[in-house]
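Open the structure in your viewer and keep the selection panel at hand. Each stop below tells you what to select and what is there.

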Amino acid sequence: MTLLWSGLALGAVYALVAIGYNIVFLSSHTFNFAQAQLVMVGTFVAYTGLVVLRLPVLVVALAATVIVMVLAGLEERFAVRPVPDHQTQLVTTLGVATLLNGATQLVWGGQPLTVPFFGGNDVVDLFGGRVYPAEIALLVLAVALVVGLSVLAKRSMLGLALMGMSEDREAAALRGVDVRKLAFWAFAASGALAGLLGLFVGPKTYAVATLGAALALKGFVALAIGGFGSLPGALIGGLTVGLVESLAARYLGAEYSNLAVFAVLLLVLMTRPSGLFGRVTERVV
Amino acid sequence: MNRRLLAYAVTTTAAVLLAGCGGGGSAGTNQQEPYRVLITGGLSAQGVLAANAATSVLAAQASAEDVNAKGGINGRRIEVTVVDDAGDATQAVTKLREAVASSAKPDLYLNSGPSTISTATLPLLTQNKILSFNVAPTKDSADPTKFPLNFDLSPSPDDQAKGVAAEAKARGYTSIGVIHGSSAFGETWGPAIERAMTAAGITVVGNEEYDVASLDMTPQLQALQAKQPQALAVDGYGAPVGYLLQSVSRLGWNVPMMGDPSVSATSLVTSEPPAGVLGTPQVANLTTQVYKSTSYDPAATRVNEMVASMAKLGQIKANLILAYNYDALLLVAAAAKDAGSTDPTALAKSLEKPAVQDSADTAVIKAYHFTGTAHSPNADPAEFVFVRPSVVKDGQFGHGAGT
């Protein structure tokens, strides 16, 4: 059971990154390569607030949310909005990711920094396995976010406008949706989420400048398995990646861990090219 | 007449130009000339690389002061030139080429950077007959048939592994589990540990590798735990060390862990909470392998003299494992005394003599064992000790908390 907890917690981290990818993707069909790096910046802000400045958790949570939201807003304004097509946006957001990797290393150095978890740092026994409180929080947070955002998408005007934009940007604009403004705020919201996540992800992964690169790839695989644009898909995809990675490392060896993850990805894409929960859209040719 | 005059002028000009190209910059053996030492390092690199380079440079500068105070290299005063290569092989080669072509060609080159820089600079050094030492060995950097004027200062993974095996045997372990990263060093260290343990009569119950980009090592550790080794030999650097310690705690596994020197260089284990885990249950079972010189001992006069020399010139930013360059100049001074010359080939021959190595009175590693067939230090297991995690002061463990 300990191994399952370990895999699920890892999967929750990937799922949370994939959820961030999805928020932006749904609003503007942009794939924000820097999303994992924004989570990484969130962990560094959490470290600085909790360890260096010794601020209360709520203040740190607010600071991390605002700081990373501003960063994401700047990214949208200068690296996404001026670029006309989504293919080029892949390059510019990758550039932002590289910039954030370098900047964090310059500011905080290359060594891992501990981010204490406000819910305790001692291992607890749960359902016959051993797990850290931060890992339980990650799992709960991932599930709560998927449920909350799914409800928001279906029951609120904002959510419906986002879904409308996702379906057809021009039609949504004709129906009075300010698509540019909404795309900006979706970007900012994904940044705010990434900042807040720093307090939860940091205790598991440490604040370290290589974190963004480690999370970006697996987060993308989680998204591809679950289906681009699907929030439940991001959760299932993330947990699948985490579990496959852990079980393969345990029973096949670490050298087969990544191979197994990509084998699952291939299998899913061969049987369902749009991912487990992705929607197939018909095109007129 | 005019033709003869023209021919004379051309010949004279050519001679002057040739002299300018080759002669002025040659490594002279004139005792009036300084003994020029060029040291490159990633001083402007990011993070820990910069601290490592700064310590390497500081060690060379301190050694130069100490050797100069005793008469220099065969009477020649050492002049150290520090060049920042940003930890980049291309920059290191460019800066080295510039120095070789200048009027102050170096007599000795010290590489403080990673093995990529050793690989890039060694052919150039051999071509220009420049004596060199480097802290980052490559596959063939210690092979005198390829690089007759180069000497490696850093002990090999095999040397380190023999040290771990000797310690495990001394503690009475009969079975060991091994876990190492997928880095180039980790992949060399893992099999080296297995060989050394087997040679020492200790059973290796499992040898697990982890991806250095992985965020959790629970699966690999659980696989080892199932085989019930008496202790774990651990390789890791940076965040993976933290993930390893987290995973061991998660499993509730009360097992002694013997970390390699890179574990000791991870700030997480040398910093107290909340920034690190020093003094917490996570490191209660951890000891790390370091050089004897890296562990503070008030009775180690030679090492303490070196630390004092370095501290006089500046802050020691990384642990003394990076201070090999202090030994390099002592070795050259001893070789020059033996050879009666500063000719690089003569110095290299002298450096291969055990008597010269003994007379150098080195500090970081007590005894180097360069031979005519291998220019690697072949460090004895006795050069290493195992220490409990502690804060690092003046580049040494054992000064404060956690000791």
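**Where chain B meets chain A**

Select chains A and B: 29 residues of chain B are in contact with 29 residues of chain A, where contact means that the C-beta atoms of two residues, placed from the backbone, lie within 7 Å. This is a predicted model, in which local features need pLDDT of at least 70 and side-chain atom pairs count only at pLDDT 80 or more, while totals for chains, interfaces and linings use all residues. Residues are numbered from 1 along each chain as its sequence is written, and chains are lettered from A and ligands numbered from 1 in the order in which they are written.

On chain B, select β7 (203-210), α7 (218-225), α8 (239-251) and α10 (267-270); each supplies at least two residues of the side that touches chain A. Helices (H or I, at least four residues) and strands (E, at least two) are DSSP runs, numbered from the N terminus. That side of chain B divides into 12 nonpolar, 12 polar and 5 charged residues. Ala, Val, Leu, Ile, Met, Phe, Trp, Tyr, Cys and Pro count as nonpolar, Asp, Glu, Lys and Arg as charged, and the others, including Gly, as polar.

**Two domains of chain B**

Next, colour domain 1 (35-155 + 302-379) and domain 2 (157-295) of chain B; the bounds come from an automatic or database domain assignment. Their centres, taken over C-alpha atoms, are 30 Å apart. Domain 1 of chain B gives 10 residues to the contact and domain 2 of chain B gives 8. On the domain 1 side, 8 residues are nonpolar, 2 are polar and none is charged.

Finally, select Val332(B). Beyond its neighbours within four places in sequence, Val332(B) is in contact with Ile73(B), Leu108(B) and Leu347(B).
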